[in-house]
Amino acid sequence: MIMKKSSVARIAVFAVAVGVLAVVAATGCSMKNQSGTDTETVQNSPEPDAVYEAVKAAYGENYLPNLRLTDEEIEVRYGIANDLYSSAIAEVPMISAQVDELVLIKANDEAARDTIEEALTAYQNVLREDTFQYPANLLKIQASQVYVRGDYVCFIMLGVLDNETAQQADEGKVIEAYKTENEKAVAAIDALF
């Protein structure tokens, strides 16, 4: 029964994400960069593997995603076609009890970058509204971040909190602690530009 609910939840999440993308595309709406950083394309941006290794090194043994997605899986999961990017690295956990996730997509151009950002933001919103998530993961999901730097668009949901921080009653403080964990990835990416 749990497996069926999980599968139904994943199908529902995908359907909602596709619907959101269709609405965004049909209305011509654009979403503002959540990171608040300059989103101009950088001509001499770092290689994707260097960005990935820098982020992974920032977390050390606390880097938990361990399943790399193919281009086809990226399109199914995030609604991002491979003709929008020159490179994409997306890793998720193998076990469904974990939610740590890293997506690093190097867009082909500014229009593609905007489309990818919209898709990852829609994905993030679907995750935030998914009532089938494990309760322990809800606050980490709320702290997730869509980050744009140069021609890269990233979805960051990483980090491990110590037990005392993770189990405190103030949910706002836990969310802020997870946001601080995500900033490790942001700092690692920024250092390469």
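In the predicted model, the charged end of Arg-68 sits over the ring of Tyr-52, at 4.7 Å from the ring centre. Tyr-52 also belongs to a nonpolar core of 17 residues, described below together with the core from which it is separate.

The mean pLDDT of the protein chain is 82, and 78% of the residues reach 70 or more. Over residues 1-42, however, pLDDT stays under 50, and the model has 47 contacts beyond four places in sequence for this segment.

The largest nonpolar core contains 25 residues, and those that touch the most other members are Ile-74, Tyr-78, Ile-80, Ile-116, Leu-120 and Phe-155. At least two residues of this core come from each of helix H3 (71-78), strand E2 (85-92), strand E3 (101-107), helix H4 (110-129), strand E4 (145-149) and strand E5 (152-157). Helix H4 gives the most, with six residues. A second, separate core of 17 residues includes Tyr-52, Tyr-59, Val-186 and Ala-188. The surroundings of Ile-80 illustrate the packing in the largest core. Leaving aside residues up to four places away in sequence, Ile-80 touches Ile-74, Glu-75, Tyr-85, Ile-105, Ile-116, Ala-119 and Leu-120.

Four aromatic pairs are found in a search of the whole structure. One of them joins Tyr-78 and Tyr-123 in an edge-to-face arrangement, with 4.7 Å between centres and 75° between the planes. This pair links distant parts of the chain, since Tyr-78 lies in helix H3 and Tyr-123 in helix H4, 45 residues apart. Buried residues are those under 20% relative accessible area. Tyr-78 therefore counts as buried, at 1% relative accessibility, and so does Tyr-123, at 4%.

Tyr-152 and Phe-193 form another edge-to-face pair, with 6.1 Å from centre to centre and 85° between the planes. Because Tyr-152 lies in strand E5 and Phe-193 in the segment after helix H7 (171-190), the pair ties together parts that are 41 residues apart in sequence. The two partners fall into separate accessibility classes: Tyr-152 is buried, with a relative accessible area of 1%, whereas Phe-193 counts as partly exposed at 28% relative accessibility.

Ring pairs also link Tyr-78, Tyr-123 and Phe-155 into a cluster.

Methods
Residues numbered from 1 in each chain as written. Predicted model: local features only at pLDDT ≥ 70, side-chain atom pairs only at ≥ 80, totals over all residues. Heavy atoms only, no water. Core = buried A, V, L, I, M, F, W, Y, C linked by side-chain atoms within 4.5 Å. Buried < 20%, exposed > 50% of the residue type's maximum accessible area, 1.4 Å probe, protein only. Helix = DSSP H or I, 4+ residues; strand = E, 2+ residues; numbered from the N terminus. Contact = heavy atoms within 4.5 Å. pLDDT = per-residue confidence, 0-100. Phe/Tyr/Trp six-rings, centres within 6.5 Å; stacked < 30°, edge-to-face > 60°. Lys NZ or Arg CZ within 6 Å of the ring centre and 35° of its normal.
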